[in-house]
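Here is a short briefing to read alongside the model. Please have the sequence and the 3D view open as you go.

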2 protein chains.
Amino acid sequence: MKIEEEPGLRVVKRMAEYQPPRSWRTWLIGRPLQTADAPHQTIGKAIGLAVFASDALSSTAYATQEILMILAVAGTAAFGYVFPISIAIVALLAIVTLSYEQTIHAYPGGGGAYIVARDNLGELPAQTAGAALLTDYILTVAVSVSSGVAQIASAYPVLYPYRVSLAVGMIFLIMLINLRGVRESGVTFAIPTYFFLLTMVITVGTGFFKHFTGTLGTVVNPPELAIEPIVGAVTPFIILHAFSSGTAALTGVEAISNGITAFKEPRSRNAGITLIWMAMILGSLFLSISFLAGQVVAVPSEVETVISQLARTIHSSRGVLYQATISATTIILIMAANTAFADFPRLSALIAADGFLPRQLTYRGSRLVYSRGIVALAVLASLLIILFQASVTRLIPLYAIGVFTSFTLSQAGMARRWWKIGKLQPGEEVAEPGSVLRGDRNWQIKMLVNGFGAFCTTLVTFIFAYTKFTDGAWIVLILTPTLVILFFSIHRHYQRLARSLSLEDYGEPPRIPRHRVILPISGVHRGTLSALRYARALSDDVTAVHVSIDPVEAEKIRKKWLIWGDGIRLVILDSPYRLLAEPLLKYIEEIANQRQPNEIITIVVPQFVPKRWYHNLLHTQTALWLRLALLFTPGIVITDVPYQVD
Amino acid sequence: MKIEEEPGLRVVKRMAEYQPPRSWRTWLIGRPLQTADAPHQTIGKAIGLAVFASDALSSTAYATQEILMILAVAGTAAFGYVFPISIAIVALLAIVTLSYEQTIHAYPGGGGAYIVARDNLGELPAQTAGAALLTDYILTVAVSVSSGVAQIASAYPVLYPYRVSLAVGMIFLIMLINLRGVRESGVTFAIPTYFFLLTMVITVGTGFFKHFTGTLGTVVNPPELAIEPIVGAVTPFIILHAFSSGTAALTGVEAISNGITAFKEPRSRNAGITLIWMAMILGSLFLSISFLAGQVVAVPSEVETVISQLARTIHSSRGVLYQATISATTIILIMAANTAFADFPRLSALIAADGFLPRQLTYRGSRLVYSRGIVALAVLASLLIILFQASVTRLIPLYAIGVFTSFTLSQAGMARRWWKIGKLQPGEEVAEPGSVLRGDRNWQIKMLVNGFGAFCTTLVTFIFAYTKFTDGAWIVLILTPTLVILFFSIHRHYQRLARSLSLEDYGEPPRIPRHRVILPISGVHRGTLSALRYARALSDDVTAVHVSIDPVEAEKIRKKWLIWGDGIRLVILDSPYRLLAEPLLKYIEEIANQRQPNEIITIVVPQFVPKRWYHNLLHTQTALWLRLALLFTPGIVITDVPYQVD
């Protein structure tokens, strides 16, 4: 490397020549990528559906089961309610889809709940949406992976005892793949998603055919019902409770609104059409599964999933078609977890860029992905799985409440946006951080659509919180505000820092009138003299200080200093309590108290650097202690002069 | 404080004014003491016996029992051998006592095995003695406290399940007392020791009286014998094995030779007489207990100690006299542990002063005791007790082998010393670190006495290692050489350090021809400018470096630098892999490679110091990483310029 030193050139730009070496990380996650390598690729509707639908579609794997699980409290006779409840959920899906359809057209640059709430409702709602979404992404991973493992364990019951380890191992793998940085190449996503759709169409189709020909039958050897039915009557509370559990089916619907930029132009239109398609597939699939599950009298169980019972009843055996259905379901569930691994780091980087999360989350790692966010998500989701023993039923009460909170905030934000648009003059345009406001003749109807959506999802959020409070929803109800408070306190810290670092009203920095150097020494040797030499290069005002425990040793040092001390003053501090750091600190502080404004005191500490780190155990770490103790005293700078020995 | 600045005065001495504040430590271990407070007090023979005998006398509490424990393998009939074996052990005691008597007169300044071996045999034997003794001090604590707890549990069987916690708690208390620094005020020691002697004389006296009047009887309800006798025949191996276990009685005999300086003048004479007294009391007490234990048919057991069985048989009940005997025994055992707490830190400080253990062990803490050694001993002994579940029988095989190794080395060293004295001219004196060699007409006889002692203890050491190898002695046989190797490697490190720091052949330190300063910046703000101001005070050759990940940010910095940069050159390093530290390091290393001899490069790192430590989580710790990465590069000094915010 040549460093050019043209006279008068004050700012030199050049490329760093550092080449990351190969290491175990290269082997694990691939060679580092340059920033310029970032891909720019857009996708069409068919691939878009595959990329963004996995989260939403995968919830059909557990939604029906979780409704049954609640109804079981009122006895198996209550299972008949599963279909009407599913219809109510699909109605809700229709409302939310319509509402998001408008968001997609309003925010062609990506309209996640966080952005919409930030632009239209303010910081508090935005951070609430952020906290709710981040919590929910963690839960998406935990629920999807747990459900995926449950499918595998249904097919191979021998794996049941290892489900926690399996789930954590799976998260680790997904983490690695994401650290590598999956190029969303479409095809990788399209194959499993369409494979899932295909097997589902076959299974559900066969199911309906057998139903109408009267050959469907019921589940052979159903798993035991773990829940003892307490009351025979179906109360409204139980219905609402079951409904809340079923709303997990709606999670993932918002995915497309976050990723509009990935679509080919006209992207809003393409994304919008894809959303409609996704909602229709999701709705009909969910309804079919709920209907058929009722017909075959599937039983909710931790040991065998409803999907497994349905598939083996429809296909009359655990044959190839059954295996295909189970593996497709497992794969789509893992893909859903993978979606969260894309969303969580992206959203946390967005929040961090706004200064509400540690700035480090905005750095992209060697593979151009937000690696810290990915690792954080993997760790948190694994903890949840260990804590809840990979049980979908125990995780579900925590899930979906965050999604519905963000639905509500996003749609309320949209309603507010239409209100603002209604105030505009015709032809007027107002640019906001996330989008541009333009006049719209139909703003009133559109506001009504989003408003109604917001109303419905608010209602569902409350039903959810009420019916599932004791099941675990209280955890989220405490966690989300706590996170919001944390976000704001981080923000306050960054703001204060920015203020105190700001150069506004900052005059010419004053010169340093006097530069005192203090050199603590424990003996007179090459290390000390090397530090002395450095100290003298800094200033003419150098004082060496020796804290003495042993008068004999102090006398030796005095004599040596007279020879080697180069005329520099030495203060020997007698320490009657045999303490080393404290008397020195006291001495330094006294000198610091006498200093003039802008005067600087530098403490030059000679420091051995032994070849092997554990040799440090054989030395007192004076420099370290001084640094910690003097960190908060202004005007004091500590310099270690390392002396490499051996 | 006034700092006097007389012109021409190059070395100023003064008293540090630091007063240690009150804290929880004051409450726990007392207010700090000044070095001048160290006590200088000498003791007479009666008190001396009390101070130094507890370790030796306490072993009578378990020695007989451990002999029986081994004999039990050959069936209860073998218990008859306990008395002859005890006589052999007392004979060994007589030999060792005679030998140590000579050491006391030869080393009036204290003649522990370490010093004697160091002065006469060389470093390897000295360090072996040191390692053996340190190991044994740890075992003294573990064995004595375990035996003390066993006595309590014999009297109060309800405490049996809690013996490990009780033992660890007791060690913690002894540690606290020693951290406080017990002034060896004599009386504190005299009361329990003489109380123990008194109760023992009463118990043993009553026992003999009852024996000769034929009213002694045998143990009522003896504890069950846990050992299933395998062979009926008493083999020589079993006898030797039992003998080895019994030699634990000799531990502590060396105590007086370590502490001669504590005696009144003529100290060698006083110490010598005390040693004879101690040996006589120990011998007769041990013999009596062994004899009476045989008569009452005491049974070795983990649940009730032999002492307890003996005392309740002799006193015909668990009355006051029984209680007195048990509590006196418990107290003397704890006092024995306390002795190790005095010896271990002192010996480790001695070894550390010779450079074979970390130097930190030579510092005396706030209460003038070697606190680090005390804490280390407590931790190690507690670990042993937890590992061996406070079982004396399981600890005994590890014990005593170290003591006998040190006996051997000490006496061999003495023999060597007499040999050296034999070579002296009449009237000639040779000073050694630990003592002065003076001619002695009887050097041949004295050499013979010590030589014979060394021979006997060598024999016992081998018997011990052979018979107890599989019981656990192998642990010590591996541990001791390992420790010796460790000691020597520590020594080598200190020697190398001393050589590389030595000022011999060290000319005038060269001037620094050029002082380059590099200032890494992440932005242009008050913190950076404060660091820039400092950098300019150090040298005229300052270069600021910004590692750029984001070109927009870099452009902002460039513009600000043109205004605020004070004409200093700024290098913007484009980092294509988005790494911060590595390109900077590479840049610094390149500059370092171009440096001239003796040129110094200082890296000035602006560092935020937030008010709360956890705010550091919100910042990248560049300074820390740079420091760690550049520690081993000579000629580079790193300076943090702290900027306190908030």
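Axes here are lines fitted to C-alpha atoms, for helices over the stretch in contact, and angles run from 0 to 180 degrees between N-to-C directions. Helices (H or I, at least four residues) and strands (E, at least two) are DSSP runs, numbered from the N terminus. This is a predicted model, in which local features need pLDDT of at least 70 and side-chain atom pairs count only at pLDDT 80 or more, while totals for chains, interfaces and linings use all residues; side-chain values use heavy atoms, with hydrogens and water left out. Residues are numbered from 1 along each chain as its sequence is written, and chains are lettered from A and ligands numbered from 1 in the order in which they are written.

**Helix pairs**

- In chain A, helix H21 (residues 581-594) packs against helix H22 (residues 622-630) at an angle of about 45°, and their axes are 11 Å apart.
- H21(A) and H22(A) are therefore oblique to each other (under 35 degrees is roughly parallel, over 145 roughly antiparallel, 65 to 115 roughly perpendicular, and the rest oblique).
- Leu584(A), Leu585(A) and Ile588(A) of H21(A) meet Leu626(A), Ala629(A) and Leu630(A) of H22(A), where contact means heavy atoms within 4.5 Å.
- In chain B, helix H4 (residues 82-106) and helix H17 (residues 443-467) pack at about 135°, with axes 9 Å apart.
- H4(B) passes H17(B) in a left-handed crossing.
- Among the residues making this contact are Leu92(B) and Ile95(B) of H4(B), and Phe452(B) and Gly453(B) of H17(B).

**Two residues in H8**

- Thr203(B) lies in helix H8 (residues 187-212) of chain B and, at 4% relative accessibility, counts as buried (buried is under 20% relative accessible area, exposed over 50%, partly exposed in between, with a 1.4 Å probe and protein chains only).
- Beyond four places in sequence, Thr203(B) touches Ala311(B), Ile314(B), His315(B) and Thr325(B).
- His211(A) sits in helix H8 (residues 187-212) of chain A and is partly exposed at 24% relative accessibility.
- Leaving aside neighbours within four places in sequence, His211(A) contacts Leu216(A), Phe291(A) and Gln295(A).

- The domain assignment, which is automatic or from a database, gives domain 1 (42-490) and domain 2 (515-644).
- The C-alpha centres of domain 1 and domain 2 of chain A lie 62 Å apart.
- His211(A) and Tyr643(A) are 432 residues apart in sequence and 85 Å apart in space, C-alpha to C-alpha.

Technical notes: Left-handed = near helix turned anticlockwise from the far one by under 90°.
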